[in-house]
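Subject: Handing over the structure

Hello,

Here is the structure I promised to pass on to you. Have a look at it first, and then read on for what turned up.

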Amino acid sequence: MNSNDAAKDTARKLYGPTVEYPDGRVIPGQPVNVEDVLTQFEHLDADARSAFLCIIAHDLTVAVRSIVFDPPVTEAGLERVKWINESLHRLTSCVNPYKRWSAQDEAMLIRGIIANSFEHGFDGWVGRAIATAAGNTTRTRQPVEAK
Amino acid sequence: MQRSGSTKPPLRRIHGDALYEQDSDARRSLDYHRTRTTEEIVESLRPGADESLKVKPDGRIFQGNTRIKVLEERGFPVNDLPRDHIP
């Protein structure tokens, strides 16, 4: 897939998390404005961009958990895991501080992950992940203890 | 907005208690979360948080297992927490 295809695919709709509250209300996921999110992403400093990318990666590990937890895993599920793993492979490479990518290249990586997610059926996971990452990288960051 | 129309299935941890005996990282995570206040843990599980409570429609927890275990130990009503639904 070339970068034009990737750019075109970000125009398709991603949605944030669906939340169920204790009183039974279910709030469906809201559309994610990918262009706005990526514009803001490119203006983040390197640490905040790392946090953004790590949140996406962490959410995608939950996606894999969800797919493989109940065997047997279908062929479609395996294919999805393969592509999610490719996303994780690239995400964990680009956050290495010794070989850091540019903000523009990292944004292009996110576009590619979005495009692959539509093609391989894990766009629901990527939408949740990007919405969560965007919501957690603009506030003041506090160090946390190892856990 | 929709209504689920029925009582939510109770939360079920996919990580059993045995994991914390077998896996030293899981044990360390449990020890860490036991040092946190209930308010901190609840806040960390809220929808929109970077590691929110993620739950399948049948109540199984796919993110937040250790924090829910700590809340259960404290008698917190975990089934009253909002849930981030996952497929």
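How many salt bridges does the rule find over all chains? The count comes to 20. Please keep in mind that this is a predicted model.

One of the salt bridges links A:Asp70 with B:Arg60, and their closest N and O atoms are 2.7 Å apart. This pair runs between chains: A:Asp70 sits in the loop between helix 3 and helix 4 (75–94) of chain A, while B:Arg60 belongs to strand 4 (residues 60–63) of chain B. Across the interface of chain A and chain B, the rule finds 2 salt bridges.

For context, most peptide bonds are trans.

Now to the interface as a whole. In chain A, 28 residues are in contact with 30 residues of chain B. The area buried between the two chains is about 2,700 Å², and carbon and sulfur atoms give 53% of that area. Between chain A and chain B there are also 12 residue pairs in polar contact, counting pairs with both residues at pLDDT 80 or more. On the side of chain A that touches chain B, the elements giving two or more residues are strand 2 (18–20), strand 3 (25–27), helix 3 and helix 6 (123–135). Helix 3 gives the most, with 6 residues. Sorted by class, this side of chain A has 12 nonpolar, 6 polar and 10 charged residues.

Of the 19 lining residues, A:His58, A:Arg65, B:His15, B:Ser29 and B:Thr66 lie nearest the pocket's centre. By class, the lining has 4 nonpolar, 9 polar and 6 charged residues.

Note on methods: Residues numbered from 1 in each chain as written. Chains lettered and ligands numbered in written order. Predicted model: local features only at pLDDT ≥ 70, side-chain atom pairs only at ≥ 80, totals over all residues. Heavy atoms only, no water. 1 Å grid on protein atoms, 1.4 Å probe; cavity = no way out; pocket = protein on both sides within 12 Å on 5 of 7 lines; lining within 4 Å. Nonpolar A, V, L, I, M, F, W, Y, C, P; charged D, E, K, R; others polar. Contact = heavy atoms within 4.5 Å. Buried area = accessible area lost by both parts, 1.4 Å probe. Salt bridge = Lys/Arg side-chain N within 4 Å of Asp/Glu carboxyl O. Polar contact = N/O pair within 3.5 Å; in protein donor to acceptor, adjacent residues only side chain to side chain. Helix = DSSP H or I, 4+ residues; strand = E, 2+ residues; numbered from the N terminus.
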